[in-house]
Amino acid sequence: MKLSTRNINFFYGNSQALFDVSMDFPSNCVTALIGPSGCGKSTYLRCLNRMNDLIPDARVSGEILFDGVNINSRRTDVVSLRRRVGMVFQKPNPFPKTIFDNVAYGLRVNGIRNQSEIADRVEQALLRAALFDEVKDRLHSSALGLSGGQQQRLCIARALAVEPDVLLMDEPASALDPIATQKIEESIHELKEQLTIIIVTHNMQQAARVSDYTAFFYMGRLIEHGETEAMFTRPKLKQTEDYITGRFG
């Protein structure tokens with residue numbers, strides 16, 4: 001198992017946001033995290049590469065095992081962890097640099113100086129993010145001139161350039177039009193051949209389309225977790241069924 005969590009509890013100061021969440025994430029599969037707003041799914045996602053470390057007064061207990069090693073250990077190199085467990089956020093956040101330099105940024109930060117290698121890895125990352133054909137003639141133009149959907153795929157390419165093992169996606173298509181959303185989903189289908197992908201989404205149809213497994217969160221607790229087809233056709237618990245049928249917002 002590439003990634004697992006055991007009894008994860010998370011606190012914002014004195015307020016507890018997650019309660020004893022245990023889950024396994026199989027390699028080369030897509031797992032969707034669903035549930036009402038404020039149920040803890042994005043908080044849980046950010047635990048998986050310790051992005052929550054950046055929040056004052058936040059604390060976590062329990063184990064997050066990545067290749068069998070607990071990443072919550074003080075010995076964990078967090079920079080190395082975030083290279084191997086990349087993240088794409090809800091809102092596209094390209095740097096005010098060229099398209100090429102956005103994708104190359106992580107490579108240079110990680111010490112790669114060979115320009116030929118950088119160029120090859122930038123091209124490969126853009127291809128994997130299904131963006132290269134659209135930008136190949138303007139790689140040295142500002143990334144801020146791209147459309148919203150292109151900017152999001154650029155952010156995916158930027159994460160892919162450093163060759164992560166896991167990709168976390170926090171509602172990556174929530175602000176995009178249907179065509180851009182379709183391209184993101186097509187990329188997810190292709191990327192799972194090389195990556196383990198975990199995606200937070202409010203869109204039940206999207207979860208059904210892209211994921212192999214689905215986990216339903218409610219009030220900070222993992223209510224149900226299983227194969228997506230079974231979850232959507234034979235939910236075991238009433239809360240899950242209510243959410244899937246639209247009774248929860």
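Residues are numbered from 1 along each chain as its sequence is written, and side-chain values use heavy atoms, with hydrogens and water left out. Because the model is predicted, local features need pLDDT of at least 70 and side-chain atom pairs count only at pLDDT 80 or more, while totals for chains, interfaces and linings use all residues.

**Exercise 1.** Determine the strand order of the open sheet and which strands stand at its edges.

Step one: helices (H or I, at least four residues) and strands (E, at least two) are DSSP runs numbered from the N terminus, and two strands pair if DSSP finds at least two bridges between them.
Step two: six strands form the open sheet in the order S6-S7-S8-S3-S9-S10, with mixed pairing.
Step three: S6 (85-88) and S10 (221-227) each have a single partner strand, so one side of each is left without a neighbour in the sheet.

**Exercise 2.** Describe the pairing and burial of strand S7.

Step one: S7 pairs in the parallel sense with S6 over four bridges, and with S8, also in the parallel sense, over five bridges.
Step two: Leu167 of S7 is the bridge partner of Gly86, and in S8 the bridge partner of Leu167 is Ile197.
Step three: in a regular strand the side chains alternate between the two faces of the sheet.
Step four: Val166, Leu168 and Asp170 point one way from S7, whereas Leu167 and Met169 point the other way.
Step five: five of the five residues of S7 are buried, so the strand is largely enclosed by the rest of the structure; buried means under 20% relative accessible area, exposed over 50%, and partly exposed in between (1.4 Å probe, protein chains only).

**Exercise 3.** Characterise the surroundings of Asn102.

Step one: Asn102 is found in helix H3 (residues 99-109) and is buried, with a relative accessible area of 0%.
Step two: leaving aside residues up to four places away in sequence, Asn102 touches Pro94, Phe95, Lys97, Ala143, Leu154 and Arg158, where contact means heavy atoms within 4.5 Å.
Step three: a polar atom of the Asn102 side chain lies 3.4 Å from the backbone oxygen of Lys97.

**Exercise 4.** Identify which residues lie nearest the centre of the largest pocket, and which element gives the most to its lining.

Step one: the largest pocket is lined by 20 residues, of which Arg82, Arg83, Met87, Gly106 and Arg158 lie nearest its centre.
Step two: a pocket is, on a 1 Å grid over the protein atoms alone, an open set of points where a 1.4 Å probe fits, with protein on both sides within 12 Å along at least five of seven lines, and lining residues have an atom within 4 Å of a point.
Step three: S6 gives the most to this lining, with four residues.

Technical notes:
Polar contact = N/O pair within 3.5 Å; in protein donor to acceptor, adjacent residues only side chain to side chain.
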